[in-house]
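Subject: Handover of the structure

Hello,

I am passing this structure on to you.

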Amino acid sequence: MIPAAFNYLRAHTSDEAFAHLQQYGAEARVLAGGQSLIPAMRFRLARPAVLVDINAIRDLNVLRVNDHALTVGAIARDSDIERAPWINDTRWTLIRDVSRVVADPVVRQLGTVVGSLCHNDPAGDWTAAALAARAEVAVRGKDGVRHVPIDEFLVGSFTTAVGEGEMALGVHFPAAGDRTAGAYHKVERKVGDFATAAAAVQVSLGADGTIREAGVALSAAGPCAVRVKEAEEILKGQRPSAEVIRAAGDAASRRSEPQGDLRGSVEYKKNLAGVLVVRALRQALSRLGVQA
Amino acid sequence: MSDEKPAGCLGKAMKRKEDPRFLRGKGHYVDDIRLPGMLYLSLVRSPYPHAEIKSIDIGDAMKVSGVVAVITGKDLEAAGLGWLPTFHGYDKQMVLAIGKVLFQYQEVAAVFAETRGAAADGAEAVQVDYAPLPVVADPFTSKTDQIILRPDRDAKTNHIYHWEVGDKDKTATALASSPKKIKERIWFQRCHPAPLEPCGCVAEFDAMGRLQFYVTSQAPHVYRTALALVTGIPEDKIHVVSPDIGGGFGNKVPVYPGYVCAIVGALKIGRPVKWIETRTENLTSTGFARDYHMDVEIGATAEGRLTALHVATTADHGAFDAAADPTKYPAGMFGVVTGSYDFPAAHAEVDAYFTNKAPGGIAYRCSFRVTEASYAIERAMDILADELGMDAAELRRKNFVRKDKFPYPSALGFTYDSGDYEKTLGVALDKIGYQALLKEQAEKRARGELMGIGFSTFTEVVGAGPSKHFDILGIKMFDSAEIRIHPTGAGIVRTGTKSQGQGHETTWAQIVGEELGLDPQNIMVEEGDTDTAPYGLGTYASRSTPVAGGAIALAARRVREKARKVAAHMLEVGEDDVEWKDYKFQVKGVPAKSVTMKEVAFAAYTNMAQNEPGLEASYYYDPPNMTFPSGAYVAVVDIDRETGEVKVRRFLAVDDCGTIINPLVVEGQIHGGLTEGFAIAFMQEIQYDKDGNNLNTNFTDYLLPTSLETPAWETDKTVTPSPHHPIGAKGVGESPNVGSPAAFVNAVVDALSPLGVRHLDMPLTRDKVWRAIRAAQVVTT
Amino acid sequence: MKVNVTVNGVPYEREVEPRTLLAYFLREDCGLTGTHVGCDTSSCGCCVVVLDSERAVKSCSMFAVQADGHQVQTVEGLANGGTLHPLQQGFWDQHGLQCGYCTPGMLMTSVALLKRNPNPSESDIREGLAGNLCRCTGYQNIVKAVQQASAAMGVQA
Amino acid sequence: MNLQYSGEETITASADVVWAFVTDPEKIGRSLPEVLEVTVRDPTHVDAVVQVAVGPVRGKFKLKVELQPDASRRRIDMKVSGGGFGSAVDLTAGADVVAAGDATTLLKWSGQAIARGPVAAIGGRVLDAQAQKLIAQAFGNVRQQLSVTT
């Protein structure tokens, strides 16, 4: 299938890219990884008049960890994360898990985290992980760059806080305390499939061994990835135990509002949401040496 | 050329001769062909499954830059090409829709343009005004004839045919009086072979007015004859070439509308035309597989001795009956449904119906419905074992056709050539460690874990087939070979087959090498070109080794007889004093006095005395019977109760395909077939919703297993040669796809049997398994 | 638009429409038909080529204009004259191919895989190849082919 | 892809005014969300071109709307069939105009949409959430335009 014709503009700096987007507005799409956009164009479902290619913009190719955050630039690839030197650090185990199951190993060579967040597919992997890790997305608009918390960034199916003519520059995953670990459990029919259901969790333990901070989010459980506040509140302040984890799982199952489709029935997906939250919490805690 | 004495090359794991060009990216597939002035064809397809065509407006399309022409069903009808006869001749198929569309994605118009992009733009600009009609989305609704789908046919009904075989009354009485009985509806879902290379062609009329037709065809000669009959172009003016083909699995047997449109376009416009379908077009409009709803009944004594089998099938053939079965076999070889078992009485019947779905039915490594038959009996045997409380392996062994009963006349009319079912099953049980597995299973079940062991001890029927029974469009299903040996002992063999990855360029050379004591490295194999290859019926249904393999061996023996005369002259003895032994001609009783075939070949051109010069022969082989490969497959699975995921922990395939030409190639065929069986059992279905929408139109929803999902395969063999085949070979390509689905499903149902689950239809998705576990829990808790 | 792409070390300058996919640019504008197209949804991987001698990419999910100024390696660039690349030799010895349609993509994905991880385990290989579909071999011999190549290349390195 | 919808609008206008509005093909055409063109064929038929834009999916849909007013029951049924993206959408919707006292009217609507072709196969997940919004938006537009005129 051959896409509809379009004009191609290669931007060498963020300013250049931003100028093009401001000029063409809704008629332009950003081309970073293109691994969701190009297939949609081949089916002629997406037919932008202008593509702004940002792959040549060096300062967007950022993958940097420091004390307070992991910064992922707009054209940092999934596979770059998979191979990053810090990826085996317990703090980034949620990010590591996701980087290994998003799309397939070849698509990950071009696919980007920021692109996936901007695409905001209801069954996206990075969107659920960003919620659990309480990430922030840097969005450049007419009046400069603003940092949008992920909860506000994900608006609805395939819709985000990036307005017409605006551009996402990168995403920051806050580096939580050292006793922090995460996990991402995804059930997919085969490699490369969208999630049938998936759970992203990240927990930080306090000095006394109780859960100081908890992030729990689900993919393929609503119009877009969804935070399970009830589960987070159940976990917060508690000492990790099978009962607490089970309660968090049940909260997730209740919160899940999936669609029935070829991947599974509503009943199956709702149950699976709870099962995966339990398994993900257990794995995250075991990564912190806590068996619950 | 190597000089060492060939010690025979049958059974040698020779590296494949055709690989170097593929490894270097120098394979030659249809889409690689580019001719000067070539146009691209893109087809407009219907989003509606059943609708009248009020009007087709091509005005906008013709204005799209690069578009050269647009043709519709009416144009083809005017040229007498509106309809195409289907392969087994009882029905016909629209090329482009005329008056109405009958399945979603049916071809409606053909757009010809200078570039791929322009063709796609043109297709999008064609305006078709549809008036939707009520949809018939399953054969059971079709059966009621409330909506007649094909008013063009004389018989005003959706019922296509009734077929039956076996003794109806004897079976009915035997069933009625059987102490034990089971009855189950077993559905083999609609799936699709999805070869990695989509179908396509390039059509050109050359300066001599000859049609040069490059096409992904598994049967180029049959295409040439069919096209001559349909288009009226004389057969000498049609040159069909099947270049390298990127997988077929039966998908590249039918003649598709896109091919006819390309030919008509090339003729009308006077420029070459290339048509390459997209993956969506492949999955939604080309030959699907299966879709058999089988009501299976088996009777047995209390001790598990089989008394009778009855199978009544409702078949969904889609909008046109394009199932490419042999003429006398509308339900193909479904009569092999008695499988490996000695049924005293059996009766099988099939009723086929039209629906608003794509046409087809015969594809996907299926030997003409043998996959459906084998799945039905192997699934039903497990249900019977469950009913009798018997071990599934024991019930099979108890009812196998005994080794000494061959050739075995089955209750449904086949004569099985040979088999040693007990030995094959014995090898499987031993190698898998069956007793240890049973012990492990018992322990696991005590802990509430779900572990399953599943068998499939199948017999299939391939190598279609004897001319007294088998023809396609009237052409008998023989196959042929032409062998020519050059002065230096090298040679060429040409056959009417067409490999799509099965390794003929190596295995055919090995047969010639074995028969003539020549080095297969220097025997070239050529197939797929109708100007040079002898007439053959093509490669599908595991028929190439059984039929063409026979033709090659017998053509080689004719060459040998000719060579014997020259050898006799060289050895200065009478012809009768020369014998062929240890790959050379020897004087009887004086083995030291001998000449090699290489030497004889040179003499055939340089010193043949009164004999006819040259060394070549051909053979058209009409097989006396089909061949009956068999096997014993065992699957071991573990099920995750919470996610419904089935993990195939082990899978052992013990195959008996008679004499093996190249073990490397046979193992490759088995790995590939098992992977397809695995995919069908757990992942693959072409689903239509009640509004006639195809829900699996691309690889995001029609799931092909990757290297991660595909289990590791364990293989082994027993060898029971076919008595009537020249080298005892039976063919193996289809066995793994025929035999493995039942082993997977039997293992999963075995794992779930403690919960009272008796049968689940494929594909066994996580959702389906999870809901079966949950439903059972509701019952038991 | 004019694009300059170095393919297997040879510079190609062509005029292309922006919508031309890299796969068709290689096949039709450069005449390198070793790269194949098998699907519409970036699922099958028989179009994989290596970008800038590091990244295996699906050339049906990238536009030719994006490759302007970059390097691409295709299956035609693997062998060194008469000598096959160890991966090509591995596929041949282990019967890692049958119809040959997925082979170019499998080879190029394996090139990038071995560059990143010179001696991968069986599960590393199965995971690394999970973006490439094959309909004929059932993958088992392809995995053995990559194992043979990594051993042979390990010895050379 | 088969999608069911329903909803309700409270309009500050008399039942007669609302009924006149919803049986006017021009006004119904104009109420379609992101409508680009409206061409009235006859009192019960109107064609319209609408822009569909959801995330990457962006393009035009040509819609044919047939109105089936039933004055006695103050119920209007609509059959909408549309093509675009090589796909097709068939929508049947019905609305009851119910007087709710003090010059307000209740517009109770329900609809069923069948999407076919690539839009359904690929865009299916896009479509479902979006179609509900589009239909609700259409009836919302009706309310807005009416409250302006009174």
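This is a predicted model: local features need pLDDT of at least 70, side-chain atom pairs count only at pLDDT 80 or more; totals for chains, interfaces and linings use all residues.

**Chain B and chain C**

How many residues of chain B are in contact with chain C? There are 42, and they meet 43 residues of chain C. Helix 17 of chain B gives the most, with 6 residues. What is the make-up of this side? The residues of chain B that touch chain C divide into 19 polar, 13 nonpolar and 10 charged.

**Chain D and chain B**

Next, look at where chain D meets chain B. Here 11 residues of chain D are in contact with 10 residues of chain B. On the chain D side, at least two residues each come from strand 6 (87-99), strand 7 (105-116) and helix 3 (118-121). Which element of chain D gives the most to this side? Strand 6 of chain D does, with 3 residues. By class, the side of chain D that touches chain B holds 5 nonpolar, 4 polar and 2 charged residues.

A general point on interfaces: their size is often given as the accessible area lost when the parts come together.

**Strand 12 of chain A**

Now turn to chain A. Strand 12 of chain A covers residues 197-205. Is strand 12 mostly covered or mostly open? Mostly covered: 8 of its 9 residues are buried.

Strand 12 of chain A pairs with strand 11 (residues 180-187) of chain A. The two are antiparallel, with 8 bridges. To find this pairing on screen, pick Gly182(A): its bridge partner in strand 12 of chain A is Gln202(A).

Strand 12 of chain A is also joined to strand 13 (residues 211-219) of chain A. Again the strands run antiparallel, and 8 bridges join them. Here, pick Ala199(A), which stands opposite Leu218(A) in strand 13 of chain A.

Strands 12 and 13 of chain A form a hairpin with 5 residues between the strands. Which residue in this hairpin takes a positive phi? Gly209(A) does, near 85°.

**Domains of chain A**

Chain A is divided into domain 1 (7-53), domain 2 (60-174) and domain 3 (184-287). How far apart are the C-alpha centres of domain 1 and domain 3 of chain A? They lie 35 Å apart.

Best wishes

Note on methods: Residues are numbered from 1 along each chain as its sequence is written. Chains are lettered from A and ligands numbered from 1 in the order in which they are written. Two residues are in contact if their C-beta atoms, placed from the backbone, lie within 7 Å. Helices (H or I, at least four residues) and strands (E, at least two) are DSSP runs, numbered from the N terminus. Ala, Val, Leu, Ile, Met, Phe, Trp, Tyr, Cys and Pro count as nonpolar, Asp, Glu, Lys and Arg as charged, and the others, Gly among them, as polar. A residue is buried if 20 or more other C-beta atoms lie within 10 Å of its own, exposed if 12 or fewer, and partly exposed in between; C-beta atoms are placed from the backbone. Two strands pair if DSSP finds at least two bridges between them. Domain bounds come from an automatic or database domain assignment.
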